[in-house]
Amino acid sequence: MMVDSGIQPWLFEVEPYPGESLSHFLGRFRHQNRLTANGLGKMAGIGAVIGRWERFHLNPYPTKAQFEALGKVVGVASEQLWAMLPAKGEGMKCDPIRLCGACYGESPCHRIEWQYKSVWQCPRHHLKLLSKCPNCGAKFKVPALWNDGFCSRCHLSFSSLANWQKPASTSKRDSQSDIQSPVKRIT
Ligand SMILES: [Zn+2]
Ligand SMILES: [Zn+2]
């Protein structure tokens, strides 16, 4: 009997999306396999850490041994799990959860880079990231709970939120000088 060969045969595998955050990936895996956060932690033998990681509470930081054990259960190499967390030296903000609706429309997942302290616009679409639903003002839930891809309050789809995103100018300074500019255009 093969035990250590990767994913358990009774679990559904979930393919990670490029750039997907750990929270979103774990939520998809649990949803697909009807597992609770604690159930998944138990299965991997790593205890009650999954729920904290899904909220991006990474103190204490996950260990190599934990990710190797988790990777075996979810069927993903531990290197891929590390890639779902911020790159080394990259500061992260876990609140508020942010979103680019245009990205979500192309590939329905929460990107880890949206939570970087240094990131405030989508580098792909040059749109300002949303930090709450622009229609109803609800905060976005942790990505592990994004299974349906809708705002939890007004049910607008995340991809349709792209229409509400403001274009980002090339730098923060530019957008400020736009607002502060005393020059009035004569029409
Ligand atoms: Zn985008
Ligand atoms: Zn809403």
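This is a predicted model: local features need pLDDT of at least 70, side-chain atom pairs count only at pLDDT 80 or more; totals for chains, interfaces and linings use all residues.
Residues are numbered from 1 along each chain as its sequence is written, and chains are lettered from A and ligands numbered from 1 in the order in which they are written.

**Overall layout**
- The chain has seven helices and zero strands, taking helices (H or I, at least four residues) and strands (E, at least two) as DSSP runs numbered from the N terminus.
- Among contacts between residues at least 6 apart in sequence, 61% join residues at least 24 apart; a contact here is a pair of C-beta atoms, placed from the backbone, within 7 Å.

**Confidence**
- The average pLDDT of the chain is 89, and 86% of the residues score at least 70; pLDDT is the predictor's confidence in each residue, from 0 to 100.
- Helix α6 (residues 101-106) has the highest confidence, at 98, and helix α7 (residues 172-180) the lowest, at a mean of 45.
- Over residues 173-185 pLDDT stays under 50, and the model has three contacts beyond four places in sequence for them.

- Leaving aside residues up to four places away in sequence, Leu81 touches Leu22, Phe67, Leu70, Gly71 and Val76.

**Helix α4 and its neighbours**
- Helix α2 (residues 37-44) packs on α4 at an angle of about 105°, with the axes 8 Å apart; axes are lines fitted to C-alpha atoms, for helices over the stretch in contact, and angles run from 0 to 180 degrees between N-to-C directions.
- That makes α2 roughly perpendicular to α4, the label for 65 to 115 degrees (under 35 is roughly parallel, over 145 roughly antiparallel, the rest oblique).
- On the α2 side, Leu40, Met43 and Ala44 meet Ala69, Leu70 and Val73 of α4.
- The residues of this contact split into six nonpolar, no polar and no charged, where Ala, Val, Leu, Ile, Met, Phe, Trp, Tyr, Cys and Pro count as nonpolar, Asp, Glu, Lys and Arg as charged, and the others, Gly among them, as polar.
- Gln66, Phe67, Leu70, Lys72, Val73 and Val74 are the buried residues of α4, and they pack against α1, α2 and α5 (78-82).

- A cis peptide bond with omega of about 5° joins Asn59 and Pro60; Pro60 sits in the loop between α3 and α4.
- Another cis peptide bond, with omega of about 0°, joins Asp95 and Pro96, and Pro96 lies in the loop between α5 and α6.
- Arg34, in the loop between α1 and α2, has a positive phi of about 50° although it is not a glycine.
- Arg34 counts as exposed because it has 8 C-beta neighbours inside 10 Å.
- His155, in the loop between α6 and α7, also isn't a glycine, yet has a positive phi of about 65°.
- With 11 C-beta neighbours inside 10 Å, His155 counts as exposed.

Terms used. Two residues are in contact if their C-beta atoms, placed from the backbone, lie within 7 Å. A residue is buried if 20 or more other C-beta atoms lie within 10 Å of its own, exposed if 12 or fewer, and partly exposed in between; C-beta atoms are placed from the backbone.
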